[in-house]
Amino acid sequence: MKQTFKGRPVVAGSVSGEAVVSRAGVNVLASFQKDLLARKAAVASRDQNNPGLLGKVLTGKILCLPRTIGSTTGGMILQKAIAAGLAPRAFLFSEPIDSLAAAGLVLAAVWNGAEAVAVDGLGEEFLAAVRDADKIEIRGDGTVVVGE
Amino acid sequence: MYHTSMRLSEEEGKLLAGEGGETLRKALESVIRYGELFGATELAPLDGPVHLVTSFGIPLLRPVFAIMDELIAAGLKTERPFTVDPRPCDYANVPTSLLERLVFDKIMYAKQADYEAQLAAVGLKDGSSFSCACYFDEVGNLPGRGDILAWAESSAVAYANSVLGARTNRNSGVLELLCGIVGRAPRFGLLTDEGRRASWVIELRTSALPEAQLLGSAIGMKVVEEVPYIRGLGALLGGELDQGAKDYLKDLGAASASNGAVGLYHVEGLTPEARELGEGLVKPGARTYLIDDAEIERVRRGYPVLWKDPAAKPRLAFIGCPHLSKSQLYSWLERIEAALAAEGSRRVRVPTVLTTAPGVEAAFRADSDALARLEATGATLSSICPLMYLNNPLCGKKAVATCSNKLRTYTAARYFTEAELASVVARGRV
């Protein structure tokens, strides 16, 4: 069954892919750093404090999350991941975007010409509905379709 | 040219049109686009230096080094000399094997010297400006009440907003530098009166003053990025914002920022805005979180133990994340001496590193009596960032003990209360 949600396109774009879901805030430093350091071909979350996301591959997925949390290195870690092609293909935030994620997206766009699609403000109902491996379609106007 | 709906001054408009050069234009565009996402309608001039979170020359941050190169090539510097987080390595004072050192020098922080040269070129204050507690007198990046800032380093942001009453958002690394370059920050969030009002009330009803790290952790996990107004803590801290209270709030803020995204908290009757505005800071409909002894214990029990062998003998202990103040350093000296006396020991049985700001370290080393006492315990003093040290996979595998919730959050270090940790390092076992 398809469900449709509408948010604000933070970085507009039309993409589709597979969901990976975090019910808790995503700590970018804790999630991305180890695999980026190890130069893995794909990043999986290494955040011990987010067991729901721990070990799941993030690269190329549609990351569904409330927001990002944690260290203020988060933005540049995200910039690195986006610039290196190791970030999720898109970020779907149930809450308004936070300052760290915003910085990462802006820095990658302005300084690296690299963009990851992002939509925020999708609401709690979005995060309650979406499940890992759900098919997701994102449209340029911030519409998000979950399911097939 | 980037088109913005933000109200810009004539000068800002010219810079955005590229009249100050392409690199300055990109720096300003970054700051504006960032602010637009939060509804900022104008830029606010900065009243003080920026504080940077990125202190480490880790090759994975190649995009950051590239931005620095562009800034330097364009001859751009921050308007005021800035401070930055601690360095990652100190081979003289922190146990490091040859192999670990090889990983640090050749892999992890192979770009450290290059990066420090870049920092100097874009406006670093001096070689002693490496501390997460830049607001210490000994570091000298101490803003006043109401000052508009653009800081990163989550623990410093929480301290500046909450304890000093300055105004900074939780800026990301690089973005804070770009704000320093353009001398402005977008006005939104914690820069505004409305953004500083509390949407959570914390009712603290513990039987005694809880460990700052645990209380901060509990608050961070509950309120995440919102602003809490804490009742019941001021009295437990003696009702005065003295050095002891400031030290406690420094550690509380660091924990709330790393287990959540707290950039500002108010403590009833204690912190500057709470003293002036009181309950008027609390938004109508604010939610309440009751913290009692059981809740503190519940939070503590939720911390995973990531040592391979939970009964292992600790191989290293770190005290001072965020950096210890001078008064905390002297307190820890006494605490370790007392723990050793209780064990009938003269020297710690776990290599123990106390971390503080370079200026505090220098002042402590100049106190020959105190230094002799510390050296007699076997503990060492450094100004590194323990988190950056433990990012070395070889170091990170060690059974490391700490009383820092932040260090526990980002590494496999195991958390102990301050009293427990003193006992652990004296006994040599958990």
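**Close-up views of a predicted two-chain model**

**View 1. Helix H3 of chain A meets helix H2 of chain B.** In this predicted model, helix H3 (residues 99-112) of chain A packs against H2(B) at an angle of about 145 degrees, and their axes are 9 Å apart. The crossing of H3(A) with H2(B) is right-handed. On the chain A side, look for Ala102(A), Ala103(A), Val106(A), Leu107(A), Val110(A) and Trp111(A) in H3(A); they meet Lys26(B), Glu29(B), Ser30(B), Arg33(B) and Tyr34(B) in H2(B).

**View 2**

**View 3. The eight-stranded sheet of chain A.** Here is an open sheet of chain A whose eight strands follow the order E1-E10-E9-E3-E5-E7-E8-E2, with mixed pairing. Its edge strands are E1 (3-6) and E2 (8-11) of chain A, each of which pairs on one side only. From one strand to the next, the twist averages 30 degrees.

**View 4. Strands E5 and E7 of chain A, side by side.** Zooming in on the chain A sheet, we find strand E5 (residues 62-65) and strand E7 (residues 90-93) of chain A paired in the parallel sense over four bridges. A handy pair to pick out is Leu65(A) and Phe93(A): Leu65(A) stands opposite Phe93(A), which belongs to E7(A).

**View 5. The four-stranded sheet of chain B.** Chain B has an open sheet of four strands, in the order E7-E6-E5-E8, and the pairing is parallel. Strand E7 (266-267) and strand E8 (282-291) of chain B are the edge strands, each pairing on one side only.

**View 6. Strands E5 and E6 of chain B, side by side.** Within the chain B sheet, strand E5 (residues 198-204) and strand E6 (residues 228-231) of chain B run parallel and are joined by four bridges. To get your bearings, find Val201(B), whose bridge partner in E6(B) is Tyr229(B).

How values were computed. Residues numbered from 1 in each chain as written. Chains lettered and ligands numbered in written order. Predicted model: local features only at pLDDT ≥ 70, side-chain atom pairs only at ≥ 80, totals over all residues. Pairing = 2+ DSSP bridges. Axes fitted to C-alpha atoms, helices over the stretch in contact; angles between N-to-C directions. Left-handed = near helix turned anticlockwise from the far one by under 90°. Contact = placed C-beta atoms within 7 Å.
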